[in-house]
Amino acid sequence: MAVNAARSQEGFTSAAARRVMSAACRAAGLDDRGAELIRLGENALFRLVAAPVIVRVARGWEWLPKARTEVAVSRWLAGEGFPAARLVGGLEQPFVIDGHPVTFWQLIVEGDRKATYGELGRVLHDLHSMTVPTGLELPRFDPFDKQDLRINRAVIPEDDRVFLRKRWHELRAQYEELQFETPKGPVHGDAHVQNLMVDAQGEVILIDFEAFCFDHPEWDLMVTAVEHHSLRWQTDEQYADFVRAYGRDLRDWHGYDTLRRLQEFGMTTWLMQNVRESEETAAEYQRRIAGLRNDDAPRDWRPW
């Protein structure tokens with residue numbers, strides 16, 4: 001299949017992603033008419049109308065290793081019977097269309113409720129207890145992965161770019177000082193409650209494996225700990241349910257504050273990729289960059 005990586009550098013917008021999605025569907029023999037964009041973040045997610053399929057379009061050629069990891073992890077978890085998102089069968093994945101990796105996933109028909117933080121804690125506990133099989137090559141967790149690309153390509157003021165590069169170097173120095181005491185194992189890499197779905201049968205299903213890695217479990221606990229302790233996105237009761245289910249509160253660990261800064265930095269650079277999509281996105285980016293500039297200020301960030 002022909003690949004034109006240069007086109008992937010022109011900017012990843014919802015319109016550009018839709019063109020890639022349509023071409024990928026043609027290559028896969030699927031009908032994309034009426035496909036709905038359901039999310040634009042690190043990837044663009046489209047729901048097809050003609051088949052129970054979700055199409056996941058990555059930002060560019062540099063995301064190909066992540067797409068390959070997603071495919072390998074999904075197949076492993078399916079073989080283990082772990083409740084996780086499943087690939088569409090009969091396709092050699094990932095596809096690469098104009099420099100964009102594309103994967104096809106079975107639609108999960110949601111039930112009438114969202115996953116709880118207690119369920120997130122239990123899923124992570126079960127995941128971290130698994131043994132990665134020989135032959136499944138997983139990267140280490142890299143909190144700086146693709147940060148250079150985000151900073152270089154985002155449509156932001158130059159003084160923001162200078163500040164973010166300076167913060168990037170500061171965080172790298174702090175990261176190098178971290179001392180972990182836990183063994184390494186399978187880590188989701190982006191373990192927030194929105195990456196759980198509850199299907200129509202009530203089963204809690206883990207999704208989104210692009211950051212999956214082999215590393216310390218603290219990286220998965222970091223997300224919910226920061227959302228609670230720093231951003232106050234959960235009630236005390238919700239966070240207590242998470243801690244009880246998993247068996248640990250990351251804030252008790254000496255390295256928590258470094259992980260907090262890393263998580264907040266990643267949340268900001270993730271969002272800034274889409275500042276051109278809407279005024280709301282641009283306004284939320286402004287809230288987040290202001291928070292990074294004043295580490296002691298209260299965070300009024302909104303879930304996205």
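Q: What makes strand S1 and S2 a pair, and in which sense do they run?
A: In this predicted model, S1 (residues 36-40) and S2 are joined by four bridges in the antiparallel sense. Pairing requires at least two bridges between strands, so S1 and S2 qualify with four.

Q: Why is S2 called largely enclosed by the rest of the structure?
A: A residue is buried when its relative accessible area is under 20%. Four of the five residues of S2 (residues 43-47) are buried, and therefore the strand is described as largely enclosed.

Q: What makes S3 a mostly covered strand, and which residues lie on each face?
A: Six of the six residues of S3 are buried. Val53, Val55 and Val57 are on one side, while Ile54, Arg56 and Ala58 are on the other, and all are buried, so both faces count as covered. In a regular strand the side chains alternate between the two faces of the sheet.

Q: How do you know that S3 pairs with strand S5?
A: Five bridges join S3 to S5 (residues 100-106), and the two run antiparallel. Since at least two bridges are required, S3 and S5 are therefore a pair. Valine 57 stands opposite valine 102 in S5.

Q: Why is arginine 260 called buried, and what does it touch?
A: Arginine 260 lies in helix H8. Its relative accessible area is 9%, which is under 20%, so arginine 260 is buried. Not counting residues up to four places away in sequence, arginine 260 touches Val226, Ser230, Asp295 and Arg299.

Q: Why is alanine 290 called partly exposed?
A: The relative accessible area of alanine 290 is 42%, which falls between the limits of 20% and 50%, so the residue is partly exposed. Alanine 290 lies in helix H9 (residues 279-293). The C-alpha atoms of alanine 290 and valine 55 are separated by 34 Å, and the two residues are 235 apart along the chain.

Q: What are the angle and handedness of the crossing of helix H5 and helix H8, and which residues make the contact?
A: The axes of H5 (residues 158-176) and H8 (residues 256-272) come within 10 Å and cross at roughly 150 degrees. H5 passes H8 in a left-handed crossing. On H5 the contact is made by Leu164, Arg167, Trp168, Leu171, Gln174 and Tyr175, and on H8 by Thr258, Arg261, Leu262, Phe265, Thr269 and Met272. By class, this contact has seven nonpolar, three polar and two charged residues.

Notes: Residues are numbered from 1 along each chain as its sequence is written. This is a predicted model: local features need pLDDT of at least 70, side-chain atom pairs count only at pLDDT 80 or more; totals for chains, interfaces and linings use all residues. Side-chain values use heavy atoms; hydrogens and water are left out. Buried means under 20% relative accessible area, exposed over 50%, partly exposed in between (1.4 Å probe, protein chains only). Axes are lines fitted to C-alpha atoms, for helices over the stretch in contact, and angles run from 0 to 180 degrees between N-to-C directions. A crossing is left-handed if the near helix is turned anticlockwise from the far one by less than a right angle, and right-handed if clockwise. Contact means heavy atoms within 4.5 Å. Ala, Val, Leu, Ile, Met, Phe, Trp, Tyr, Cys and Pro count as nonpolar, Asp, Glu, Lys and Arg as charged, and the others, Gly among them, as polar.
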